[in-house]
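I opened my notebook to look up a few things in this structure. Here is what I wrote down as I went.

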Amino acid sequence: MRPNTPEAERRVADAVAGIESRLLNETPSAWLLLDGDGIIVRHNLELELMFGYAPGSLKGQVIEVLLPERHRKAHEEMRRRFFAQPEERRMGPGRELTGLRRTGEEFAVEIGLKPLPTREGLQVLAVMRDVDLRRKAEQQFQAAVECAPLAMILVDLQGRIVLVNREAESLFGYSRMELMGETVEVLLPETLRSAHVRSREAYLDKMVPRRMGEGRDLNGLRKDGSVIPLEIGLNRVQIAEESFVLSVIADITERKKLEEAQSRLNREITKANDALEKSNDELKRFAHVVSHDLQTPLRSIAGFAHLLKQVGGSGTISKADEYTGRIIRGCTRMQALITDLLAYTGIEARPLVRRKVNLEKLCDEIIAERETVLEEQGAKIRRGALPTVTGDSTQLYQLLQNLIDNGLKYHSEQMPEVDIRGEREPGGWRITVEDNGIGIAPKHHERIFEVFKRLHTRETFPGTGIGLAICRRIVERHGGRISLDSEEGQGCRFHVFLPDDPGQPPPDGGSAATESCEEELA
Amino acid sequence: MNVSKARPAEILLVEDDSDDVLLTRLGMQEAKLAVNLHHVENGEQCMTFLRKEGEYTNAPTPDLILLDLNMPVMDGREVLAEIVKDEALRKLPVVVLTTSGTEGDLLDMYDLRCSSYIRKPVDFEQFQSVIKQIGEYWFTVVVLPDSTG
């Protein structure tokens, strides 16, 4: 049974009104209803609690009492304009005003507005929220960002710069006004921009914080066009329901320099180690060769001395003569080996004295010294144009002398002819010493530069086999390289490359680098 | 090695040093070995000899090769490598005679399967005894009639 009396209807209506009234009063946001004169015609308890007034004391007051004195006039203006052209305004970031509590304390309040036409005319419902704590947190965030000793840039999800701190301004050379609203790619070199847009968008999908040092290093572009190496950390930041990406940026120019210096140092240490190892190996090989080659004549001497003793008085003169002759030859040979060894090791032992050396003058001296020999042999030495180079004149003299003598010595049936000329090459000079002698088969080209390596018996061509080894050592000490271009029976062309800068390795590698290192260590 | 007693052993000495050639020759005489000592100066000549080419068309197949390691043109290591590659020559016994006694040489030699490796001593008496040992090891020692020639 449903009561249908006016009394019952009134009770129902009262109950409904009671619920509505409670709803309006107890809603956790403060609200008020404003008439065209700015008078608060209705409000809830929350408004008084927010502004610190006694219950019921705000009804009938002008809205501007809730604002700081200095804003009141401007607010009246705004209010009038609003009533003239009412428009709904939802709550949200940026819809903020400064409220004034009864205690005189100011606080941030966010406001939403809704025009309500009523019987009493147009009224406005204003809903308010105390956002003071949030505003303070934001201010703290901004202050922290501003004062951070690292450059920081806050970027929205579209990549637009919304916040720039002081460090970022000085890092990139832009003022914050110039950067606000620009896409972040303005801070990158042109070539990286499109790739960055892609990786930025990819990052937004995951939004995993990326700590500094974890990601790739990036180059940044300053306003003046210079490029700086950067390290970047990324963090998602939530500000008032909106997501941003905070980039923390460190200029790593100094660190890069240190890293480069360190890796340069490492390379140099490796190089020095290699050089040491190489020189150690060379020493071992050298000791091996030397012990072998010095023992050979010693064995002859010992052997024939023994035989001579055996022959004694009973032997024939011719045998004794032969053995004595071989003993003497063995001694001479031993002497020659030792002299040449000293010459070879002497290249290392003496410090290199670098100065300008006119190779034409040097070469002419060598030719003049050989004038008699040349005439006797009917040999010719032709000197072409030669450069002035930087090097040790004694050693360069020895080098040219050995190469020229080599050309004269290993002659064929033809009259020996030796040509010397110089040519400019990238990074240095190439000196070529060419002869018309017996030539050397390519398979022996490496071997002939080794200590005491010979391609002929002593009977065919006398000598210890040190000359070209000395040449190579000299050229290497000058940071250059020596090579041979020859076929059997077709003469030899020895090429010596002398670099302008002995510290630089020759264009196709070689031993210059290790050599210069040895010098630096020495 | 079976060498007929009816003929002296054929030995090929590959050696560039004329002193060592003479000392070896005298050492063999001293040891009274019945050998025909053939001598070549380097590896290339050695290969020509072994393959009976050119001036060595009538050369005998040696019963033993005495090979010096360090020679110009083609050294002992290259000769060994060549011999090992050659089906017809790889069975020939080779004794490497050298001045160097380093491990590296030794290993090289065994890798190349030379028959033995003997270091030339500086002392002539030792040298002679080495030559004698080679003879005793490889050949029947034939005592020759005493001769001062």
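What is the strand order of the open sheet of 5 strands in chain A? I found β2-β1-β5-β4-β3, with antiparallel pairing.

Some ground rules for myself. This is a predicted model, in which local features need pLDDT of at least 70 and side-chain atom pairs count only at pLDDT 80 or more, while totals for chains, interfaces and linings use all residues. Residues are numbered from 1 along each chain as its sequence is written, chains are lettered from A and ligands numbered from 1 in the order in which they are written, and side-chain values use heavy atoms, with hydrogens and water left out.

**Entry: the sheet**

I used DSSP runs for helices (H or I, at least four residues) and strands (E, at least two), numbered from the N terminus. Two strands count as paired if DSSP finds at least two bridges between them. β2 (40–43) and β3 (96–100) of chain A are at the edges with a single partner strand each, so one side of each has no neighbour in the sheet. Neighbouring strands are turned by 40° against each other on average, direction ignored. Angles here run from 0 to 180 degrees between N-to-C directions, and axes are lines fitted to C-alpha atoms, for helices over the stretch in contact.

Next I followed one pair: β1 (residues 30–34) and β5 (residues 121–130) of chain A join in the antiparallel sense over 5 bridges. A:Ala30 stands opposite A:Met128 in β5(A).

Which helices lie on this sheet? Helix α3 (residues 69–84) of chain A lies across β1, β3, β4 (106–118) and β5 of chain A, at about 130° to β5(A). Helix α4 (residues 132–147) of chain A touches β3, β4 and β5 of chain A, and its direction makes about 130° with that of β4(A). Contact means heavy atoms within 4.5 Å.

**Entry: a hairpin**

I then turned to β6 (residues 151–156) and β7 (residues 161–164) of chain A, an antiparallel pair with 3 bridges. A:Val155 has A:Ile161 in β7(A) as its bridge partner. The hairpin has 4 residues between the strands, and A:Gly159 takes a positive phi near 85°.

**Entry: two helices**

Helices α12 (residues 393–409) and α13 (residues 467–477) of chain A pack at an angle of about 145°, with axes 9 Å apart. The residues of this contact divide into 7 nonpolar, 5 polar and 1 charged. For these classes, Ala, Val, Leu, Ile, Met, Phe, Trp, Tyr, Cys and Pro count as nonpolar, Asp, Glu, Lys and Arg as charged, and the others, Gly among them, as polar.

How many cavities of 30 Å³ or more did the search of the whole structure find? It found 2. On a 1 Å grid over the protein atoms alone, a cavity is a set of points where a 1.4 Å probe fits but cannot get out, a pocket is an open set with protein on both sides within 12 Å along at least five of seven lines, and lining residues have an atom within 4 Å of a point. Points are joined across faces, edges and corners, and a volume is the space filled by probe spheres set on them.

The second largest cavity holds about 40 Å³. Its lining has 7 nonpolar, no polar and no charged residues, and α12(A) gives the largest share, 3 residues.

The largest pocket holds about 1100 Å³. Its 48 lining residues include A:Arg285 and A:Glu450, which are among the closest to its centre. By class I noted 10 nonpolar, 12 polar and 26 charged.
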